[in-house]
Structure formats: C-alpha cells, structure tokens
Amino acid sequence: MSPIARALPPSIPALVTGASSGLGAEFARRLAARGHDVTIVARRIDRLEALRSQILAKHAVNVDVRAADLATQAGRRAMISLLRKQSPWILVNNAGFATRGALANLDAARERSEVEVNVLTVQQLTAAVLPGLIAAGTGGIINLASTSSFQPIPYMATYAATKAFVLHFTEAVAEEVRGSGVRVMALCPGPVRTEFDSVAGTQDYMRLAAPMTMDPDRCVAIALRAFDRRSTVCIPGILNATMAQGVRVTPRFAVRRMAGSVLGRRQ
C-alpha cells in the first residue's frame with residue numbers, strides 16, 4: 001500500500017542550491033508557497049535578490065540570500081556550516097551543470113568543476129545535514145539526478161557519470177534512513193525548459209526531445225508530490241520514465257551508440 005501523501009510541516013526551513021534560475025528558483029517559490037522559510041544559494045547575487053523580492057511579494061516567509069560558488073571548497077564549507085547550525089531542514093541539492101563534447105577536447109578545469117558541483121556538493125551537503133535530520137526524526141533531502149543517471153552518454157560523459165553517482169548515492173542513503181522519519185529522494189527529470197541547455201550546448205537535442213520536455217513548474221510540482229509520498233526516486237513524465245527504465249533491458253552497447261549518435265552531431 002502506498003504511504004499517505006503528507007507534506008513536511010512549514011516550520012521546517014528549506015535550503016535550495018542553484019536557486020538563481022530554472023528548477024532551483026521554482027523549488028524556492030513552491031516551498032515558500034507551502035509556508036517554509038527558504039535560504040536560496042547561487043553565485044549570481046542579483047538573481048537571488050530578484051527572486052527574494054518575488055517571493056516576499058507573495059508569501060509571508062523569511063528568505064535568506066547566500067552567494068556561494070559550490071565549485072569551491074570555501075563555498076561548500078559555508079553551506080555545510082549553515083546546515084549544521086540548526087536542524088531539521090529540507091535540503092534541495094539542485095546546483096549543477098553539464099558540458100558537451102568529446103572528453104579529449106574539453107577544458108580540464110571545467111570538467112573538474114562539473115564533478116565538484118554535481119558530485120562533491122551533493123555528497124558533502126547531504127552528509128552535513130543528515131545527522132541533524134536523523135536526530136530530529138524529520139526533514140528531508142531532494143538530490144537532483146537526471147534521466148541521464150540511467151545510462152552512459154558519449155559527448156556528455158562527465159555529466160552522465162556525475163548524475164549516476166547522485167542517483168545511486170541517494171538511493172543508498174534513502175535505504176539507510178528508512179524508518180527514521182527522514183525523507184531522501186532523487187529527482188530524475190528529463191529535458192526541462194531552463195538555461196541548462198544553453199550552458200551545456202544541447203539546444204539541438206532539446207529540439208529532438210520536444211515530446212519529453214516540460215516546464216520547471218510542472219517538474220517541481222510532480223517532484224514535491226512524490227516527496228510528500230516519501231518516494232525514493234521520481235522521474236517526472238510517463239515518456240521520460242519509460243525511456244529511463246527501457247535502457248535497463250536494452251544491450252549496453254546499443255544504448256551508448258544511440259546516445260552517441262544523437263549527442264555527437266551538431267545541427
């Protein structure tokens with residue numbers, strides 16, 4: 001029997017990374033609409049301040065703006081300190097980005113930053129907040145994975161590998177805290193209409209993936225409903241879920257060749 005859907009109480013504050021745009025900004029808006037105080041984190045302070053004004057104009061909550069570069073240990077350390085100061089939290093590890101191209105041709109420093117934001121930030125912030133959540137017996141974590149978590153993707157090799165880490169790490173931690181009252185969920189969206197594709201250089205793929213693409217508000221609404229139900233993995237959209245699960249029964253050589261044929265070309 002599925003558990004009864006129940007949102008976490010609004011007395012629990014939320015911290016959202018990568019909140020300057022896209023899914024992160026939408027998570028902040030929707031959590032504030034539920035009555036949660038929100039701490040919004042990103043590098044672009046001007047965008048965070050604009051989001052803060054939008055939220056305060058609609059909701060009687062507190063909004064704390066924190067500028068941090070999560071590709072650096074200093075930026076991660078600041079968030080770790082904040083998360084340890086109080087408990088419980090709702091932590092949304094949304095910050096992340098992708099690169100596209102043959103690995104041999106990509107900038108090594110940029111690839112390192114991708115691993116630090118997509119992997120180290122998720123691991124370190126989760127580890128920092130978790131003891132307090134377990135002690136309180138409530139709160140939760142949403143880690144942003146991807147439908148890319150389920151397969152290798154040539155020409156986006158680092159990105160897909162980082163998201164595979166996020167999915168497996170989150171599922172394992174969710175099992176470790178089962179029965180504690182703490183919720184841990186991996187969100188695995190397919191294509192979403194955000195700035196992600198322009199940063200990653202995947203605009204041509206987004207055109208091909210139009211039937212699977214959704215807006216941030218729909219994606220986050222589905223994610224929060226799944227979080228309310230204490231789901232461990234959420235793949236928004238039937239087509240996305242079907243394709244993500246379909247790669248598990250497809251020969252691996254076929255999966256990587258199909259992905260490489262799509263991502264390796266430019267239009």
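Select helix H5 (157–176): H5 gives the most to the lining of the second largest pocket, with three residues. Helices here are DSSP H or I runs of at least four residues and strands are E runs of at least two, numbered from the N terminus. This is a predicted model, where local features need pLDDT of at least 70 and side-chain atom pairs 80 or more, while totals for chains, interfaces and linings use all residues. Residues are numbered from 1 along each chain, and side-chain values use heavy atoms, without hydrogens or water.

The pocket's volume is about 250 Å³. Of its 14 lining residues, the closest to the centre are Ala-174, Arg-178, Gly-179, Val-182 and Arg-230. A pocket is an open set of points on a 1 Å grid where a 1.4 Å probe fits, with protein on both sides within 12 Å along at least five of seven lines; lining residues have an atom within 4 Å of a point. The volume is the space filled by probe spheres set on those points.

Next, pick strand S1 (residues 14–17). Which way do its side chains point? Ala-14 and Val-16 go one way, Leu-15 and Thr-17 the other, and all are buried (under 20% relative accessible area, 1.4 Å probe, protein chains only).

Now show S2 (residues 38–42), which pairs with S1 in parallel over four bridges (pairing takes at least two DSSP bridges). Look for Val-16 and its bridge partner in S2, Ile-40.

Finish at S4 (residues 90–93), parallel to S1 and joined to it by three bridges; there, Leu-91 stands opposite Leu-15.

Terms used. Buried means under 20% relative accessible area, exposed over 50%, partly exposed in between (1.4 Å probe, protein chains only).
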